[in-house]
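Me: Please go through this structure with me, one question at a time, and give the cut-offs as the terms come up.

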Amino acid sequence: MPGRTDDMARRFERDRTRLRAVAYRILGSLSEADDALQEAWLRADRADTSEVAHPSAWLTTVVARVCLNLLRARDTRREEPLDDGDRGRPAVTGTATAIGTATVADPAEEAQLADEVGIALLIVLDTLGPAERLAFVLHDMFDVPFDDIAAMLDKTPAATCRLASRARRRVRGVPAPDADLPRRRRAVDAYLAVTRGGDFDALVALLHPDVVLHADAAVVPTPEPVAVSGVEPVVRGAMASMARARSTGAVLVDGRVGLAMAENGRLRVVLRFDFAADGRITGIDVVAEPARLNELDITGIR
């Protein structure tokens, strides 16, 4: 019925900001979130909504189901090589300010959204399975009842609650037994801040004179892993990664404070650090090979 379709279209537009926020947090990518919204509208437009009692909740379910399918389709999400040639290139999306209007994702808006949500949170969310991520985002961030989420996942409400609980533990992190973690967290935060700002001298002060950086073959990429010794060569390499630093956040890597970089919501690079007794950084291990990334245990920092 045209009247019902028009009503649903108006509801979709009124709810667009919230629906987009749901999709972005589930997918971690603005372009994918906009594509999901377009697909969700196409499904809603074709559906018989005469029996829909709560349109906003129904639309949230449609968007979430589309996002869940996209998450499940990411079979190669950690097998895609890091390609510097594509970094910063805007992605074409399917939705803009009007239903069905094609546009190009705005990198500045993507960066702003990542900052608002939290880069570290997006990174940890990317390590979750699709069901865990959906359960956590919908329940903890948007107050969707477990009964509704369970229907999307074809699970019981109790099982869905357990999924969200597991995800919550990873996102929030667990108290680390390392008494030096707060000091090391401050050092890593400082490393990230001065790298983003391009402050050469401030970064020199954070590093031990004999610092060594190891990077696997997927980081640059190069045919073989790379090792760089000495403060100035390491700092020059860090300065060359300023663009990546803007998409990087502090996380726990195998229980130790480190940094992780996400690109369009996907985990791409992890930095692990070694420290001297005085707190200066003595070693940096840069990991980008998909197999090595999959072996890392990445959680939030409490």
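Reply: Rings of Phe, Tyr and Trp (its six-membered ring) pair if their centres lie within 6.5 Å, and planes under 30 degrees apart count as stacked, over 60 as edge-to-face and the rest as tilted. This is a predicted model, in which local features need pLDDT of at least 70 and side-chain atom pairs count only at pLDDT 80 or more, while totals for chains, interfaces and linings use all residues. Residues are numbered from 1 along each chain as its sequence is written, and side-chain values use heavy atoms, with hydrogens and water left out.

Me: How many aromatic pairs does this rule count?
Reply: Applied to the model, the ring rule gives a count of aromatic pairs that comes to three. The rings of phenylalanine 273 and phenylalanine 275 have centres 6.3 Å apart and planes at 35°, so this pair is tilted.

Me: What is the relative accessible area of phenylalanine 273?
Reply: Buried means under 20% relative accessible area, exposed over 50%, and partly exposed in between (1.4 Å probe, protein chains only). Phenylalanine 275 is buried at 14%. Phenylalanine 273 is also buried, and its relative accessible area is 2%.

Me: Which residues does threonine 299 touch, leaving aside those up to four places away in sequence?
Reply: Threonine 299 lies in strand 9, residues 298-299, where strands (E, at least two residues) and helices (H or I, at least four) are DSSP runs numbered from the N terminus. Its relative accessibility is 13%, so threonine 299 counts as buried. With contact meaning heavy atoms within 4.5 Å, threonine 299 touches Val124, Arg170, Gly173, Val251 and Leu252.
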